[in-house]
Amino acid sequence: MPHSPMPTRDSLREVRYDIRGELSRRARELEGQGRQLIRLNIGNPGAFGFRAPDHLQQALSGNVADSDAYTHQQGLPLAREAVAAAHRDRGTPNACAERVFVGNGVSELIDMSLRALLNPGDEVLLPSPDYPLWSAATILNQGRPVYYRCAPENGFLPDPDELEKLVTPRTRALVVINPNNPTGANYPPALLQRLVDIAARHGLLLMADEIYDGITYEDACFTALAPLAGDVPCLSFGGLSKVWRACGWRVGWAVLSGDPLRVGDFHHALDLLSAMRLCANVPGQFAVPAALQGPETIRALTVPGGRLYESRQAVIDGCAASEHLSVVAPMGALYAFPQVVGPAADGFDDQAFALALLENEDVLVVPGSGFNVPGSRHFRITLLPEAPVVREVFERIDRVLAARAGQRKRHVA
């Protein structure tokens with residue numbers, strides 16, 4: 001007897017994750033046909049030849065024999081103390097191991113923290129462009145994303161006055177992604193202080209996604225949010241995936257700061273949810289003290305002559321050489337967010353462009369609309385390939401856009 005299709009959760013219809021969406025599935029089909037693609041859709045250092053530093057690998061492999069048992073639901077005590085010590089050094093108030101939660105990457109902790117915070121219909125202020133996991137986790141935890149604009153003409157930085165007008169009685173949290181994915185924006189201290197002031201006036205939880213905190217370029221300096229927040233509740237996220245190039249180890253952490261009386265119930269909620277998933281991946285947690293207390297290894301990659309710096313420069317140069325592109329130079333993180341301009345931008349469809357680039361030039365990028373940018377003329381690429389590959393990519397991008405611009409001109413004529 002035939003049966004109707006098994007229903008799924010309704011809210012999944014509102015969720016998109018274009019970083020690994022339909023274009024990525026089409027890329028796998030093309031690769032199955034023998035095509036050699038340049039995948040620029042995901043910030044996955046290991047896929048581009050980067051390795052976690054040796055001292056982290058030794059810390060993990062040397063402790064596998066001690067990793068068979070579950071650990072404390074919030075994480076290994078030695079890992080949590082290492083995170084707390086690093087946060088005390090940067091000025092996070094009340095940083096201690098009891099306020100640290102270790103997760104299977106920051107992704108798990110984002111979902112867990114929103115589950116602990118939101119009731120149906122509660123609102124979360126998110127940047128546009130955003131990292132789409134934040135939107136998805138808000139929706140799946142019965143919240144409502146409300147986007148504050150981060151415009152390219154303002155260096156992809158938000159306008160605090162414009163942002164504050166979005167606050168309603170249902171607003172529960174303000175998310176700050178700094179350095180920013182997808183734009184590479186790095187937030188200055190004065191702007192961060194104004195965001196803290198908004199959270200203080202309206203009783204909001206600050207949620208600081210700082211997974212790229214060690215990756216900045218030129219004269220940009222990262223400023224942590226929690227020290228500025230003081231007694232204002234703040235949850236700061238970090239991990240091993242990006243700065244230490246250990247994405248597959250799935251080790252992230254969140255540090256809860258602010259007035260202990262105000263954050264007490266939220267702390268208990270996070271602890272309960274942590275216990276329900278039993279614990280995070282144990283072997284990778286042994287690498288946390290090695291990462292936070294060992295030698296710094298990322299800076300050599302982000303200064304002139306370093307691989308990330310030179311790939312970033314190749315993006316800037318590629319956009320400057322093209323009559324069809326502009327870009328706000330990324331000052332942090334592992335991405336750039338170029339914009340299509342001129343005749344090629346007339347009637348632009350970012351999904352159609354990304355598909356044409358994939359089908360015709362074997363390059364996979366993420367359309368800007370995948371980062372919750374309405375009417376996007378942007379796309380995101382990662383800076384992880386070596387500079388010669390990036391230069392080749394922009395030659396291919398320019399061919400697609402030049403063909404499009406020519407078609408638009410002929411259509412107008």
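Analyst: Ground rule before we start: a contact means heavy atoms within 4.5 Å of each other. Also, this is a predicted model.

User: OK, which residues does glycine 284 touch, then?

Analyst: By that cut-off, glycine 284 touches Leu60, Leu240 and Val251, with residues up to four places away in sequence left out. Take leucine 60: this residue is 224 residues from glycine 284 in sequence, but the C-alpha to C-alpha distance is 5.8 Å. Glycine 284 itself sits in helix α10, residues 282-285.

User: What makes glycine 284 buried or exposed?

Analyst: Buried means under 20% relative accessible area. Glycine 284 has 0%, so glycine 284 counts as buried.

User: And what do you call glutamine 142, and why?

Analyst: The relative accessibility of glutamine 142 is 47%. Exposed needs over 50% and buried needs under 20%, so glutamine 142 falls in between and is partly exposed. Glutamine 142 lies in the loop between α5 and β4 (144-151), and has a positive phi of about 70 degrees although it is not a glycine.

User: What about arginine 250: where is that residue, and what is phi there?

Analyst: Arginine 250 is in the loop between β8 and β9. Phi is near 55 degrees, a positive value in a residue other than glycine. With a relative accessible area of 32%, arginine 250 is partly exposed, because that value lies between the two cut-offs.

User: Now the rings. Why is the pair of tryptophan 134 and phenylalanine 237 called an aromatic pair, and of which kind?

Analyst: Ring centres have to lie within 6.5 Å, and planes over 60 degrees apart count as edge-to-face. Tryptophan 134 and phenylalanine 237 are 5.7 Å centre to centre, with 80 degrees between the planes, and that makes the pair edge-to-face. Tryptophan 134 lies in helix α5 (residues 132-140) and phenylalanine 237 in strand β8 (residues 234-239), so the pair ties together parts 103 residues apart in sequence. Both residues are buried.

User: And what kind of pair do phenylalanine 348 and phenylalanine 353 make, and why?

Analyst: Under 30 degrees would be stacked and over 60 edge-to-face, with the rest tilted. Here the planes are at 45 degrees and the centres 5.5 Å apart, so the pair is tilted. As for burial, phenylalanine 348 counts as buried because its relative accessibility is 12%, and phenylalanine 353 counts as buried because its value is 5%. The count comes to seven aromatic pairs, and ring pairs also link Phe156, Phe337 and Phe371 into a cluster.

User: How do you know the span of helix α13 agrees with what its residues should give?

Analyst: Helix α13 covers residues 307-320, and at 1.5 Å a residue its 14 residues should span 20 Å. The end C-alpha atoms are 20 Å apart, so the two agree. Buried residues in α13 include Leu308, Tyr309, Ala314 and Ile316.

User: What makes β7 and β8 a pair, and in which sense?

Analyst: Strands pair if there are at least two bridges between them. Strand β7 (residues 205-209) and β8 have four, in the parallel sense.

Notes: Residues are numbered from 1 along each chain as its sequence is written. This is a predicted model: local features need pLDDT of at least 70, side-chain atom pairs count only at pLDDT 80 or more; totals for chains, interfaces and linings use all residues. Side-chain values use heavy atoms; hydrogens and water are left out. Helices (H or I, at least four residues) and strands (E, at least two) are DSSP runs, numbered from the N terminus. The expected span of a helix is 1.5 Å times one less than its number of residues. Buried means under 20% relative accessible area, exposed over 50%, partly exposed in between (1.4 Å probe, protein chains only). Rings of Phe, Tyr and Trp (its six-membered ring) pair if their centres lie within 6.5 Å; planes under 30 degrees apart count as stacked, over 60 as edge-to-face and the rest as tilted.
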